[in-house]
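Let's take a walk through this protein together, one stop at a time.

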Amino acid sequence: MKVPEPRQSKRRASALYRVLSRTLLIVLAAGIGLAGAAFYLRGEYAAPGPLAGEKVFIIEPGLSVSEIGDALARNGIISSGNLFAVMAQATGQRARLKAGEYAFPAAASMRDVMALIASGKAVTYKISIPEGFTSDMAVARVNANEVLTGPPAAAPPEGTILPDTYVFQRGMTREKLIADMQTAQTRLLDELWPKRRPVPEITTREQAVTLASIVEKETAVPAERPLIAAVFLNRLSKGMRLQSDPTIIYGIVGGKGRLDRPLTRADINAETPYNTYRIDGLPPGPIASPGRAAIEAVLNPQQTDYLYFVADGSGGHAFAVTLEEHNRNVKTWRKIAGNAAATAAAASPDEQPAQEAGDLPLADTAPEAGEPAAEVPVAALPPGTIVTVEGRPAVIPRPKPPR
C-alpha cells in the first residue's frame, strides 16, 4: 500500500493559485488602464478646443464620420480626428451627424462641436421681399443673392408670392425659395379666404389679390388699407372706374414696378389693359405682390360710403362721400402741394425729384367715372406734376424749348 504524496498536490495548488492571481492582476491592470484611457478620452472630449475665435465651417454632404473628424482637425476646430470618430461611435452620435454650414464658437469642446453638428442647427440667412414688390423685382433680389445656389429663377405670375422675410440655409436653390414664397401665399389665402366678408365685386381669390395689390400701392399707412379697399369696392359696386394711378404705371413699365418720371396726360389717356382710368372694373391681374394686411383689408373692408380720397399732406389721405366734399379736399391739398413745390423750387429749381408709384401728389384721387383729364397750368407747381381740378386729373405742362 502506497502512501499519498501531499507535497506534490500542494505544489499543484500553489501553481494554479499563482496563475489565477497573475491573470486577475492582468485583468485588473487592463481594467484600470481602460478606465484611465476612458477617463482621459472623456476629458479630452470635454476639454476646451483649439479655436481662438468663432469659425464658420461647412460639413460637406456624403462624408464619413472619420472624414468629418479629419476635416475638423485640419481646420483647427478640434484637436483629434481619430478621437472624434471614436467618441461619435461611443456616444451614439455617429448616425446623427448632418451636413451643413456651422458656426463653431471659440474654444468649443469636441463634445460641443459634435452636438452642434448632430443638431443640424446650421447657419441661417435671411432675404426680405417688401410689400408692393413685383414678381420681377422679387426674383431679381433672389437671383442676386450669392448664398443661394442653382440657376437663376424665373419670375412667377404677378401676385403669386407673399412678401415676407424668408430664412434659409446654404444649399437652398433659388427656384426652391421662390416656390416657398408661392406656397406661403397659397397658405395665407387658404387661411383668410374662408373668413372673408363676401361681396359681389370679389368672387375669386385672384380678384381679391388683384384689388389688394392696388390697395398696397395706394397707401403706406396700415390703418388706411381697409378704407382704401372700401372706396374701391364702393366704386366697383356703383359701376365707377377705379382710376388708380399705380395701375397706369404698371401698364407702362410692367414688372419693373417704378416709373422714373411723373405721369403725364398722355399716360392717363393711354389704352392699356391696366389703365383703370380707361377700363371698367378690375385690371386683368395684380400689379404687385400684396402683403397680408392688404389682402385682409380687401377680404374684410371697412364699411363706409366713401367714394373718393386724396392726399392730405401728412402721409395719409382725406376721404369723401360726395364729389363736392372731395373737391374741397382737393383744393386743400393743392394749397399744401403748391407751398411745398414752391419751397422746393426755390431751394433747388433745377433738381426736382422724380415721383414714384404710390407717392404722387394726386395719384390716388378718384374723379367721377368716365370724366376726361383736363390740362390746367398752375404756376406754383413744377412741370409734370399731376393735380386735380374739379375732380379731374390735370398735368402741369412742361415749357417748350426755344426754337
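Start at Ala107, which sits in the loop between β2 (100-104) and α4 (110-119); helices (H or I, at least four residues) and strands (E, at least two) are DSSP runs, numbered from the N terminus. Ala107 has a positive phi of about 60°, even though it isn't a glycine. Ala107 counts as partly exposed because its relative accessibility is 35%; buried means under 20% relative accessible area, exposed over 50%, and partly exposed in between (1.4 Å probe, protein chains only).

A quick word on what you're looking at: this is a predicted model, where local features need pLDDT of at least 70 and side-chain atom pairs count only at pLDDT 80 or more, while totals for chains, interfaces and linings use all residues. Residues are numbered from 1 along each chain as its sequence is written, and side-chain values use heavy atoms, with hydrogens and water left out.

Now find helix α8 (residues 225-237). Its 13 residues reach 18 Å from first C-alpha to last, close to the 18 Å expected at 1.5 Å a residue (the expected span is 1.5 Å times one less than the number of residues). Is α8 mostly covered or mostly open? Mostly covered: 11 of its 13 residues are buried, Phe232 and Leu233 among them. The buried residues of α8 pack against α7, α11 (292-299), β5 (308-311) and β6 (317-320), with contact meaning heavy atoms within 4.5 Å.

Just after α8, Gly239 takes a positive phi of about 75°. Gln243 isn't a glycine, yet has a positive phi of about 50°. With 1% relative accessibility, Gln243 counts as buried.

Next, look inside. A nonpolar core is a set of buried Ala, Val, Leu, Ile, Met, Phe, Trp, Tyr and Cys residues joined through side-chain atoms within 4.5 Å. The largest one has 49 residues, and Leu177, Met181, Ile202, Phe232 and Val298 touch the most other members. Which helix gives the most to this core? That's α8, with 7 residues. A second, separate core of 26 residues includes Met87, Phe104, Met114 and Leu116.

Back to Met181 for a moment. Leaving out residues up to four places away in sequence, Met181 touches Ile127, Ile129, Val142, Thr160, Ile161, Leu162 and Tyr166.
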